[in-house]
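I opened a new notebook page for this protein. These entries record what I looked up, one topic at a time.

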Amino acid sequence: MNRVKLFARLASLLAVVALVVSGALVAVKTTVSADDSSSRGDTSWRLTNAVTAPNGASRKPVLFQLLANNDKVDTYNDEIRLDAVIRVAHGEVNPNVGSNTESSATGLRIVYDYVNARSNNSGDAAHDFSTNNNPFRYLNTIDGASGADNWAHNQDQYYTIHKIVHSGLYDYVTISLEADIDYINQDQQASWWNHTAEGRVMPTPPIYVMVGAYTNRSTYPMSNLSDLNNNPLATDLMAGRQTTVFPGMCNDISKESCDIPLSFIGWDANPTLWSNRQANWGLVTDYGLNGQPSGVAPANSFFVRMYNGKYSQDTRNPCYQATSFKYQWIALKNNSNWVPVDALTPTVQQVDNQPATGIGAPPGNVNAAAFNRSKSQSGDNTLYAPGDAQNTDGSIDFAKAKSEQGLDGYFKLVTWPVMNPSCSMINTTDPYRNPANPGITDTMTQSEVKEQLKNAWTIDTAFYKYDVVRPKVPTITSVSNTNTDSSDPANNIGFSAMSSSDPDGQTDDGDFKSNSRSSATKPIIKGAGGTAGQKISVYEDVPKAGATATFSDGTSKKVIVKGVTDDYENMGHLVGTADVNADGTWQLQASSADDIVDLTNPKERERRYHAYQTDPTEGENGIAMNLTSFFSPVYVVNFKAAADKAPTVDPDKIVVPHTQQSGSLDGELTNGNSTTVSIGGTMSSSEGESTMKLYAKHVTSPSGTSGTKSKSASSSVATRDDESALGNEIVGIDSAKCEQSIGVGNDQNWSCSVPVQWFIDNTPSPVADSGCYFKFVAVTANKDGVTAESDPVTKTVDFYAPVVSITSADNNYVKGKVAVDPSTPVILSTILPGATVHLTWPEGTPSSAPTTATVDSDGNWQAKVVYGSKPGDIKAYVVDKETNASKNVVYKGFNPTPPTDKLPFTGGFSSWALLLTLLAVVIAVTTYVVFRKTHSRLTHKGVHAK
């Protein structure tokens, strides 16, 4: 940017201020959502540096598609224009914030380096991005017509979000951005320009997109963003791209780098469009603009202005007279194909008789540009397309163009220069000056189209209800337990499929009566409607399992909502994936424990399946985008079999004995190691003859489950082939196992008494400090051997006596320690809080003597010795927080002397103090009397002497 452009910018800024005051650029608060992004739930993760979103998606932004950018600029009219689609984790970006706000409010921070265009060039000094950059602010266009109008009036560093498409784990965010930039001018460094003939091709300056905590400018100011290329939450949208830069002046350049026809990008009010600002880029036509209906761009929304750098030096040379150009409206179709817009310019169009002008900021007589308006206004110098989507007043009906051709909703106008026929170089097919056969046709391959666009200038772009095109929706054709067609009931042993006449897969087709007694079914899911090379993902839910029931991965079993085909948050549990065959068919078989249907639980019998298709095609940066289709119709299956409810282990019925200090028991269990631990719970049997086994396993921590009850009767039922992982089967009294057998019935009580010796024997070595925690699990099996497992319950099984000692006893305190027997698994720190030491003093000790003491966190305790304590033996025992009592210990030879604090002048008061005080009074009185008598005699003698 040069000084002329800078002054023009300052003048335009005053106009923008006036527009703000008048309400043309107001910040509008909105609650309109983009797709389903308004249902955001907990979004606190968005402000963290976590590299993975809660749903498992990578949070690094990825460029899905660069729709358009101005990859050719001159240094007098250097601007940034860009339309792109970015992939982010679902929920990362929130477009529903006010306009004119910090970009971080959306969760998408975009920065670029205003002068970085000068860096990374031969002879240039090193450049620090972190100190030379500009942030983009956000302008809301999703809120409706006012936002679209605001964007058309923009002239500053802003970006807008046109659309957010939720697809699988990700959101695809379509953005436009506009900004000023400063490429190096020829007059600033002529040597940089002289070594090139047709413009300077250089790496496109970076535009970084950031998410997460890096969107907070206070926490992460620009000075902390110097290494964005290696940042896991940032992406350079321009990485690997090049821009051709042409000089902004030509007076001192001897080579031919200035005699290039250029296409003006436009900035501020140059040229004057209907909005008097930059309406020509990323125009939002969804809601109607300037009195036009939805989908129609007003007249004077778009322009083309050609100019030549050397025209000012020699206005008579026809080779420097850029008076003609070719242009064409093209559009995106199916995400990746650029095609001519048949309703506008099915073939390339040529415009002649544009006034010649030279380079400048802006080019001279810029309002002599060709605009989209009626021919009667400008004659040949008009963007008036031959198709029926351009109205007579020059406005363009993009809604019609999109509908007639099945386009995605993104349009751009591209131009190619045309050499003056009078130029001596007319036969030259220089791609910069006179590209051969420009234009795009329907018969071209995309590689040929790409070659044509490489030589074109992109000047104008527009959106109308643009959408990222998803893959085709697949269908589920059968669910069976064989590889044959499920329409034959013989192949559906154990379950029945939904009615094939049900259009949305939601009708319950009733019971299919089966005599099958199989314990589990591994469903084979088959389908069609796929695209070869893409991947199918099948999900399931269990609608009768209850809203709180979950699979082992934490996903809910009651999630699929009828008629909702794009809810990827509540899509059920992933059964598996399958590659699509050449004919579009696919199949997979359930294999995980969650998907092998356990037939012991009637709540699990009905399952619903649906699927989506994923396109693994790589995006702009060579990364698989994993764009997904909508979900298929739901396929309902009813599995039939007898089932048992899961058993329970009730923590309230696990009763642990404790050592006692009572009668003849001195820190001992009632019956020694034959004393039993009582355990109880419930079990059920739907057909009778069900059995239960009880397992316990020593664990080193309570794992947060101690004292929690097992799941209710509607809980999920798990199958287990390897029960050894549960621990050892518990052995009860007289070496009998804790096994139960019951008849038909639900929630029948069971109980078992287990000698404490079993727990001692099943505590692994080394025993010391290993803890007293056991995890209990009950496992039932019906008569077919189908097992159901209770929730684990972890319980402290501590029946070990603590150890107390008296370490000292003097006139002031009795002190001691509490410890544990190293031959037991007790962890000292677990018994200290709340432990109480009980004391017995020698006979005759005053009743005010403390009978208890509290143990501190280090195992120490102490009790105050009261005045009048008698000599003799002190006894003590401790009761820990599990109520285990220790053996009594005896401290012999306690012989207190009068405490020093009771002696005179020490602050106390006793009989000794009273006697001493009286003695002191007597002495004082006697001394006073003697003194008075002596004084009287002396006085008398003195008088007579006189």
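**Entry 1: the whole chain**

I began with the secondary structure and found nine helices and 54 strands in the protein. I note here that the model is a predicted one. The protein has 946 residues, and 52% of them count as buried. I then looked up the accessible surface, which comes to about 40100 Å². Carbon and sulfur atoms hold 51% of that surface.

**Entry 2: disulfides**

I looked for disulfides next. A disulfide is a covalent bond between the sulfur atoms of two cysteines. How many disulfides does the count come to? I got two disulfides, taking cysteine sulfur atoms within 2.5 Å as the rule.

Is the disulfide of Cys319 and Cys423 right-handed or left-handed? The torsion about its S-S bond is about 95 degrees, so I wrote down right-handed.

I checked burial for both partners. Cys319 has 18% relative accessibility, and the cut-off for buried is under 20%, so Cys319 counts as buried. Cys423 is buried too, with a relative accessible area of 3%.

The other entry in my list is Cys738 with Cys752, whose sulfur atoms are 1.6 Å apart. Cys738 lies in the loop between β42 (728-729) and β43 (740-742), and Cys752 lies in strand β44 (residues 745-755), so the pair ties together parts that are 14 residues apart in sequence. The torsion about the S-S bond of Cys738 and Cys752 is about -55 degrees, so this disulfide is left-handed. Both Cys738 and Cys752 are buried.

I also looked up Cys772. This residue is buried, with a relative accessible area of 6%.

**Entry 3: Thr160**

I moved to Thr160, in strand β8 (residues 158-167). Why does Thr160 count as buried? Its relative accessible area is 0%, so Thr160 falls under the 20% cut-off.

Which side chain makes a polar contact with the side chain of Thr160? I found Thr141, at 2.7 Å. The backbone oxygen of Leu139 also lies 2.7 Å from a polar atom of the Thr160 side chain. I listed the residues that Thr160 touches, leaving out those up to four places away in sequence. Among them are Tyr138, Asn140, Trp151, Thr174, Ile175 and Ser176.

**Entry 4: Ser790**

Where is Ser790 found? I placed it in the loop between β46 (787-789) and β47 (793-796). Ser790 is buried, with a relative accessible area of 3%. I set aside its neighbours within four places in sequence and read off the contacts. Ser790 is in contact with Pro647, Thr648 and Val649, and with Val777 and Ala778.

**Entry 5: a surface patch**

Last, I turned to the surface. Which residues form a nonpolar patch there? I noted Val921, Val925, Tyr928 and Val929. Together they have about 370 Å² of accessible area. I looked up the place of Val925 as well: it is in helix α9 (residues 911-945).

Notes. Residues numbered from 1 in each chain as written. Predicted model: local features only at pLDDT ≥ 70, side-chain atom pairs only at ≥ 80, totals over all residues. Heavy atoms only, no water. Helix = DSSP H or I, 4+ residues; strand = E, 2+ residues; numbered from the N terminus. Buried < 20%, exposed > 50% of the residue type's maximum accessible area, 1.4 Å probe, protein only. Polar contact = N/O pair within 3.5 Å; in protein donor to acceptor, adjacent residues only side chain to side chain. Contact = heavy atoms within 4.5 Å. Patch = residues over 30% accessible without salt bridge, like charges linked within 9 Å, V, L, I, M, F, W, Y side chains within 5 Å. Areas by Shrake-Rupley, 256 points an atom, 1.4 Å probe, with all protein chains shown as cover. Salt bridge = Lys/Arg side-chain N within 4 Å of Asp/Glu carboxyl O.
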